[in-house]
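Please read them with the structure open.

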Amino acid sequence: MSSSPTRREMIHLDGRTLEGGGQLVRIALALSTITGQPITIDNIRGNRKGKKGLKASHLAAIKYLADVSGSDVSGAEVGSSSLTYHPPADAETRVRQNGEINIHLPTAGSISLVFQALYPYLLYTGNCISDEEPQPVRVSITGGTNVSFSPSYDYVSQVLVPNFAGVGLPPLAVHLEKRGWGTGPFSLGKMTFVVHPMRRSQESPYGFPRVDLDRYPRGKITHIDITVLAPDTLLIDQNTHRKKGNSQRSDNTSQSTTIRQLIEYETVRILRARLRKIHHSVFKEGSAGPPDSPYGNDEIPPINLRVSERTHHRSHIYILIVAYTSNGFRIGRDSLFGAHGEDSLGKTSHRKGRPTDDRSIAIELVERCVDKFEGELYDPRLHAICEGRQPCVDEYMRDQLVIFEALGRSTSKNEADGKEKEDEEYYSLHTRTARWVCKQMLGVEW
């Protein structure tokens with residue numbers, strides 16, 4: 001087993017740095033518990049609009065990590081703008097002996113973001129005793145499964161888990177017990193993760209496997225899956241109601257279609273149209289148009305409706321588009337009702353320029369999802385200015401891998417020799433923030 005580096009002095013982090021949100025806190029907590037380095041974070045979530053400071057989901061992660069590692073904490077309160085976290089010199093705890101971990105959030109806070117803070121530590125401590133076979137750890141978290149600005153259950157299961165396996169992390173399974181939405185009637189959901197602890201590597205200071213994304217080129221798209229979660233409520237079109245008042249005869253088409261059916265149809269229709277305009281280099285050989293015509297593809301990858309699930313409230317709408325690539329990775333983008341301040345379906349919005357009927361609101365969500373997905377596959381602006389290559393995973397997945405890149409980094413300075421490196425122009429602010437925290441905590445150079 002590799003020995004961890006010597007414990008360092010207190011590290012001070014400004015929570016307003018770069019993205020300045022909760023991700024900075026989660027990564028810092030995980031690294032502090034693993035390394036034994038005490039931290040102080042000030043101005044927590046200082047760049048956020050509205051309420052700043054710690055949220056209930058942050059406290060859940062703090063409480064678990066502090067309890068299991070025996071760390072001392074001050075400032076662990078909802079709304080707190082400053083936190084001091086002081087782990088013991090040797091924070092390794094036999095987590096695997098407590099094979100069941102249960103965490104309950106009081107609100108529909110993001111389950112996936114709580115797990116994000118715990119996962120690196122669970123991998124690290126699950127094989128503390130080298131002469132025994134590490135056992136899986138079950139982590140059940142109650143909270144929100146489909147929440148604004150966080151990975152949904154569907155993204156975690158279809159994109160994050162397969163991509164973690166693709167870069168060499170141990171097997172991870174996720175199970176949906178019940179959905180919990182951040183909009184509509186209050187209802188908590190539950191997800192269970194089965195974590196297979198890693199076997200310690202001798203190649204990195206903390207025993208993590210080497211995660212080197214420069215090894216993986218951006219693959220070609222082979223096929224695409226769509227997930228639609230929406231109610232089976234019949235469409236309510238304000239224009240149709242107005243027509244009925246002025247005419248004995250009206251078009252009843254919208255009255256025989258549900259919101260879910262509309263979203264399924266429009267997602268496939270709009271996506272097909274957009275894919276035909278994307279640069280042929282994005283798709284696997286044989287799927288694109290002739291080389292002398294980079295736009296206007298005659299052939300596009302197969303599109304499958306992977307999941308179509310009925311929900312039970314007008315505000316419970318979610319769309320996920322996932323592209324499978326030729327090198328085994330998955331690229332996903334999604335759209336969640338309420339993430340951009342939409343009013344409840346069926347209610348008239350008086351904000352200028354906002355849709356006011358079910359059909360328009362649903363189609364806007366579809367178009368937003370397809371827009372983001374199209375930009376993820378091929379962004380002409382970035383393609384024109386970038387000299388390096390695009391990452392093998394999507395923008396949201398990329399920042400999830402930073403902590404594992406840092407923890408699995410070897411002492412060799414020639415890891416990327418002879419490889420085409422990723423172009424940092426493709427990095428999101430979240431990815432840049434994650435890299436900054438890892439540099440402060442671990443001293444890694446990117």
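1. The structure holds three cavities of 30 Å³ or more. Here a cavity is a set of points, on a 1 Å grid over the protein atoms alone, where a 1.4 Å probe fits but cannot get out. The largest cavity has a volume of about 210 Å³, a volume being the space filled by probe spheres set on the points, with grid points joined across faces, edges and corners.

2. On the basis of these notes: this is a predicted model, in which local features need pLDDT of at least 70 and side-chain atom pairs count only at pLDDT 80 or more, while totals for chains, interfaces and linings use all residues. Residues are numbered from 1 along each chain as its sequence is written, and side-chain values use heavy atoms, with hydrogens and water left out.

3. The lining of the largest cavity comprises 21 residues, and Phe115, Gln116, Phe164, Gln400 and Phe404 lie nearest its centre; a lining residue has an atom within 4 Å of a point. Two or more residues each come from α1 (22–35), α3 (111–125), α4 (153–166), α9 (395–400) and α10 (402–407). Helices (H or I, at least four residues) and strands (E, at least two) are DSSP runs, numbered from the N terminus. α3 gives the most, with seven residues. By type, the lining has 15 nonpolar, four polar and two charged residues; Ala, Val, Leu, Ile, Met, Phe, Trp, Tyr, Cys and Pro count as nonpolar, Asp, Glu, Lys and Arg as charged, and the others, Gly among them, as polar.

4. The largest pocket (an open set of points with protein on both sides within 12 Å along at least five of seven lines) has a volume of about 1,200 Å³. Of its 42 lining residues, Arg48, Leu113, Ser148, Phe149 and Ser150 lie nearest the centre. Elements giving two or more residues to this lining are α1, α2, α3, β12 (330–336), α7 (358–377) and α9. The pocket lining divides into 12 nonpolar, 18 polar and 12 charged residues.

5. β5 and β6 (residues 137–143) run parallel and are joined by five bridges. Glu100 has Arg138 in β6 as its bridge partner. Contact means heavy atoms within 4.5 Å; axes are lines fitted to C-alpha atoms, for helices over the stretch in contact, and angles run from 0 to 180 degrees between N-to-C directions.

6. Another open sheet of four strands has the order β1-β2-β4-β3, also with mixed pairing. β1 (11–14) and β3 (72–74) stand at its edges with a single partner strand each, so one side of each has no neighbour in the sheet. β3 pairs with β4 (residues 83–86) in the antiparallel sense over three bridges, and Asp72 stands opposite His86 in β4. Helix α2 (residues 56–69) packs on the sheet, touching β3 and β4, with its direction at about 25° to that of β4.

7. Thr257 sits in the loop between α5 (238–246) and α6 (259–275). Thr257 and Asp232 are 25 residues apart in sequence and 8.5 Å apart in space, C-alpha to C-alpha.

Definitions and conventions
Two strands pair if DSSP finds at least two bridges between them.
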